[in-house]
Amino acid sequence: APAIVFFDEIDAIAGKRDDESDVENRVVAQLLSLMDGLDARGEVIVIGATNRVDSIDPALRRGGRFDREIEIGVPDAEGRKEILEVETRQMTLDGDVSLDRLSERTHGFVGADIHAMVTEAAMEALPRFRRAIKEGNGDDATEPRIEKSDFDAAMAAVEPSAMREFVAEAPSTSFED
């Protein structure tokens, strides 16, 4: 103490116990007993993070182990705009790029998706920047600009994380069935 113990992807080591996974069951049991032994934690904080709350052993979620659960959901348009502002802070955006419009178009995107999209947009702009350097085109050669078309191409390449499980499936049943 003082210390913060952070388990990222805690579901990987503390999944639901079952009759088939003896080693995993022992890992979960050991983690539970260690956490129970931390009654007088003092200045020790234990944090666990996961994207799959439903796969964590229920005993881990009982009081005295992880006392609080904080769900960080998918950002709304305003949150996505704030993330876009941070991610594009070091970039020169062309006048046709509207972060407001981008934030509206990125429904289902989480921070990692927005980061990937911004990175992809920069990669889309690179060939144009290299061409400008070769041709010696003034401002274009000294300061690369990310254009709306770069973001359009990037959005086609990046799939929003929050929408992945909602893929529409066409039914195979017809009227003849």
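Lys 81, Glu 85 and Asp 100 are linked in a network of salt bridges, a salt bridge being a side-chain nitrogen of Lys or Arg within 4 Å of a carboxyl oxygen of Asp or Glu. This is a predicted model, in which local features need pLDDT of at least 70 and side-chain atom pairs count only at pLDDT 80 or more, while totals for chains, interfaces and linings use all residues. Residues are numbered from 1 along each chain as its sequence is written, and side-chain values use heavy atoms, with hydrogens and water left out.

Helices (H or I, at least four residues) and strands (E, at least two) are DSSP runs, numbered from the N terminus. Lys 81 is partly exposed at 26% relative accessible area, and Asp 100 is partly exposed at 39%; buried means under 20%, exposed over 50%, and partly exposed in between (1.4 Å probe, protein chains only).

A search of the whole structure finds eight salt bridges. Among them is the one between Asp 11 and Arg 52, whose closest N and O atoms are 3.6 Å apart. Asp 11 lies in the loop between strand E1 (3-8) and helix H1 (22-36), and Arg 52 in the loop between strand E2 (44-49) and helix H2 (77-87), so the pair ties together parts 41 residues apart in sequence. Asp 11 is buried at 13% relative accessibility, whereas Arg 52 is partly exposed at 48%.

Asp 150 and Arg 128 form a further salt bridge, with closest N and O atoms 2.6 Å apart. Asp 150 belongs to helix H6 (residues 148-157) and Arg 128 to helix H4 (residues 111-135), 22 residues apart. Asp 150 is buried at 3% relative accessibility, and Arg 128 is partly exposed at 25%.
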